[in-house]
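Thanks for coming, everyone. Please have a look at the structure while I bring it up.

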Amino acid sequence: MEDKLNETYITLGGYVEVEKYRYLYFLTIFTLYILIICCNGTIVYLIVIHQNLHEPMYIFIAALLVNAVLFSTAIYPKLLVDFMSERQIISHAMCHFQFFLFYTLGGAEFLLLAAMAYDRYVSIFKPLQYPNVMRKTTICVLLFLAWLLPACLAAGSTMLTANHRLCNFKLKGIFCNNSIYKLFCEISRTLSLLGVIILLSVAFFPFLYVVFTYTRILIMSYQSSKNVRRKAAQTCLPHLMVLINFSLFCAYDVVVVRLESDMSKTARLLFTLQVLLYHPLFNPIIYGLKMKEISKHLKTIFAHVK
């Protein structure tokens, strides 16, 4: 019976002293998950109900925040179940599904940030053409592609990983990401090539585009008046901060497999939890504090509460 269980389930071996701290883990993660939903949901709600926020930039911000909630939902509920379970295990099918969601929503984050950068570029460098370029159809197409492209690439990678034979059934992590490659008996060249294509398509190239676009905007604004510089900084800096934060998260995800043997179990757990907890809460805080119109509506809400 034990052998059959090991063949159909993968053990999540990244947890540290779950028996001793299970209630602390559960309460912490549950509280933070509720905070993530409430913080992101509040700003999305403000964007939906206020007509002056029905602009492309705010629509992309709302999509980014919804994506963060979906990203958290792909991981947090399973963590909560694991904390209260005697054995921290996951089925093969569920592991591959979580892998698919993780990289679909992670890739969508970069592409949504790239769409926001394109919106700011057109707004600043082609202001007369902006209403014609950033129409409702254009926004819908950009949003659709931001989720469709990584979903297609992640689906291909997931199907390939599902067909690989496993020689190890203990994952050195708390959820299914690229660490599952360490379970395979052998990694095919096709899978390795597809991994590089995904990394370039939905992470590296969008990252370069966003940095290049905002650099051009900041250089142009530096040569203009003080008022223009201030507005450019207010617009670009929140997006750049979110980009840098998420890029560090992705860099951790890429290198964690290579450092697997050198990193202690406790250090790995602490790094992973910080990454999972920090990013989904970072976005609403940055956009709530740094985006003037959103901040104004938030202050109105707090004033009514008081």
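A word on the basis. This is a predicted model, where local features need pLDDT of at least 70, side-chain atom pairs count only at pLDDT 80 or more, and totals for chains, interfaces and linings use all residues. Residues are numbered from 1 along each chain as its sequence is written, and side-chain values use heavy atoms, with hydrogens and water left out.

Pockets, then. On a 1 Å grid over the protein atoms alone, a pocket is an open set of points where a 1.4 Å probe fits, with protein on both sides within 12 Å along at least five of seven lines; lining residues have an atom within 4 Å of a point. Volume is the space filled by probe spheres set on the points, which are joined across faces, edges and corners.

The largest pocket has a volume of about 970 Å³. Closest to its centre, out of 34 lining residues, are Asn 178, Gly 195, Leu 199, Asp 253 and Val 254. Helices α5 (92-125), α7 (136-162), α8 (189-222) and α9 (226-255) each give two or more residues to that lining. Here helices are DSSP runs of H or I, at least four residues, and strands are runs of E, at least two, numbered from the N terminus. The largest share comes from α8, with 11 residues. Ala, Val, Leu, Ile, Met, Phe, Trp, Tyr, Cys and Pro count as nonpolar, Asp, Glu, Lys and Arg as charged, and the others, Gly among them, as polar.

The second largest pocket holds about 300 Å³. Its lining has 7 charged residues, 3 nonpolar and 2 polar. Among them are Glu 55, Arg 120, Arg 230 and Lys 292. Helix α9 gives the most, 4 residues.

Now helix α10, residues 265-290. Its 26 residues reach 37 Å from first C-alpha to last, close to the 38 Å expected at 1.5 Å a residue. That expected span is 1.5 Å times one less than the number of residues. Where does α10 kink? At Phe 282, by about 30°, shortly before Pro 284. The bend is the angle between axes fitted to the seven residues ending there and the seven starting there.

Last, the sheet. It is open, with 3 strands in the order β2-β1-β3 and mixed pairing. Strands pair if DSSP finds at least two bridges between them. The edges are β2 (89-91) and β3 (170-171). Strand β1 (residues 9-12) runs antiparallel to β2, joined by 3 bridges. Ile 10 has Ile 90 in β2 as its bridge partner.
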